[in-house]
Amino acid sequence: MNRIFTTLLILFVMSTIKAQTLIERQLHLATVASLEAQGDLARLEPAVRKALDGGVTVNEMKEAFSHLYAYTGFPRSLNALGVLSKVLSDRKPEWKDGKPWTRPAVWDDAKAALELGTKVQTQLSGGAFNYDFCPQDDYYLKAHLFGDIFAGDQLSHADREIVTVAALSALKGVAPQLASHKRGAVNMGNTQEQVDELCRFLTENGLSQHDSAADACAGDWQKGEPNRGYAQYFVGNSHLAPLRPKNLKDGEATVLPCSNVTFEPGCRNNWHIHHGARQILVCVSGKGWYQEWGKPAIALKAGDIIDIPEGVKHWHGAAKDSWFQHIATHVAVENTKPGSEPNEWLEKVSDEEYNGLHEGLY
């Protein structure tokens with residue numbers, strides 16, 4: 001019966017894990033947009049090179065950085081363009097300019113720019129939006145941001161919103177605008193799955209200032225409560241959410257024999273052994289590690305499954321720069337020793353061992 005339940009659980013969990021839908025080019029655009037917003041020029045330069053290697057064209061990059069001046073200011077926009085110019089001084093032959101840049105016709109027709117911007121803003125907002133409180137900003141938004149800027153044809157409106165969400169995710173104090181553009185990104189042609197994936201990607205790669213578990217995991221699996229009962233056996237903070245059938249009435253406490261464990265970035269449990277049961281981990285979001293004693297560590301991502309034999313010394317946890325969630329369940333085995341503890345907790349995973357994984361030493 002346990003084996004049947006475990007199989008059904010794995011099939012259910014796997015059906016909820018979203019496949020990647022953003023293409024490499026879009027992820028590169030999101031990366032450089034986030035670093036532009038942060039003003040992190042040291043990380044931006046290699047990211048620009050990778051983006052060009054990954055198929056982003058020079059003119060698309062120019063358009064992305066000029067687009068962002070409306071959200072991050074001219075200084076950071078110009079600094080990012082300066083980084084791009086520096087990178088192009090040592091240009092690879094395979095880097096392409098892309099579609100030739102042309103001057104938008106609405107730049108020479110203020111009325112046309114206002115009409116275009118009003119139409120674009122209405123689509124993005126999901127309805128007419130008039131900022132009567134401040135007519136100046138209302139005009140700037142319609143005529144300039146959604147008119148002049150969105151008139152450029154190097155990036156689609158869907159791509160512009162990916163760039164915008166990535167940049168706003170990198171800034172603190174802009175939660176209302178970020179929430180608005182997450183909705184707007186769907187209105188402009190992205191799917192909700194793509195927006196959720198974008199938020200996970202930004203959080204998992206240290207590109208977001210909005211690093212709550214809901215952002216990191218797209219809200220599909222609840223974070224639960226701080227894992228205080230087992231905190232002594234963890235390095236860093238973890239959270240535990242027993243899985244409870246949704247059709248139960250209030251007050252009914254029945255839970256499934258499994259839990260969702262959320263590890264904050266850098267968190268991992270101690271070396272430990274399960275007696276009397278195999279443990280099965282179904283990874284549902286983020287990036288993490290699993291290692292058995294005397295063996296190389298295994299990198300984990302959403303969709304991976306680990307079957308841990310009874311009696312094997314091991315540990316598991318998050319990557320240094322990523323939240324990580326897995327569903328954990330146990331399957332009893334026949335060789336349980338009378339009176340033995342189910343879990344035998346051992347020494348911590350040292351910083352040297354753990355950091356070595358991220359340096360490619362294991």
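Biologist: How many helices and strands does the protein chain have?

Modeller: There are 13 helices and twelve strands in the protein chain. Both are DSSP runs, numbered from the N terminus: H or I over at least four residues makes a helix, E over at least two makes a strand. Keep in mind that this is a predicted model, where local features need pLDDT of at least 70 and side-chain atom pairs count only at pLDDT 80 or more, while totals for chains, interfaces and linings use all residues. Residues are numbered from 1 along each chain as its sequence is written, and side-chain values use heavy atoms, with hydrogens and water left out.

Biologist: Let's pick a residue. What makes Gln279 count as buried?

Modeller: Its relative accessible area is 5%, and buried means under 20% (exposed is over 50%, partly exposed is in between, with a 1.4 Å probe and protein chains only). So Gln279 is buried. Gln279 sits in strand S7, residues 277-292.

Biologist: Which side chain makes a polar contact with the side chain of Gln279?

Modeller: That of His316, at 3.5 Å. A polar contact is a pair of N or O atoms within 3.5 Å; within protein, one must be able to donate a hydrogen and the other to accept it, and residues adjacent in sequence count only if both atoms are side-chain atoms. Leaving aside neighbours within four places in sequence, Gln279 also has contacts (heavy atoms within 4.5 Å) with residues including His272, His274, Asp307 and His330.

Biologist: How do you know that Glu60 and Arg25 meet in a salt bridge?

Modeller: Their N to O separation is 3.2 Å, and a salt bridge is a side-chain nitrogen of Lys or Arg within 4 Å of a carboxyl oxygen of Asp or Glu. Glu60 lies in helix H4 (residues 58-67) and Arg25 in helix H2, so the pair ties together parts that are 35 residues apart in sequence. Glu60 is buried at 12% relative accessibility, and Arg25 is buried at 17%. Arg25, Glu60 and Asp159 are linked in a network of salt bridges.

Biologist: And how many salt bridges does a search of the whole structure find?

Modeller: It finds 15. One of them joins Lys295 and Glu292, at 3.2 Å from N to O. Lys295 is partly exposed at 48%, whereas Glu292 counts as buried at 14%.

Biologist: Which residues touch the most other members of the largest nonpolar core?

Modeller: Val32, Leu44, Val48, Leu52, Met61, Phe65 and Phe150, out of 49 residues. Helix H2 (residues 24-38) gives the largest share of this core, seven residues. Apart from it lies another core of 13 residues, among them Cys267, Cys283, Leu300 and Phe324.

Biologist: Why does Leu114 count as partly exposed?

Modeller: Leu114 has 31% relative accessibility, and partly exposed runs between the buried and exposed cut-offs. Leu114 is in helix H7, residues 110-125. With Tyr139 and Tyr140, Leu114 makes a nonpolar surface patch of about 300 Å². Patches take residues with over 30% relative accessible area and no salt bridge, joining like charges within 9 Å and nonpolar side chains (Val, Leu, Ile, Met, Phe, Trp, Tyr) within 5 Å. The areas themselves come from the Shrake-Rupley method with a 1.4 Å probe, and for residues only the protein chains shown count as cover.

How values were computed: Core = buried A, V, L, I, M, F, W, Y, C linked by side-chain atoms within 4.5 Å.
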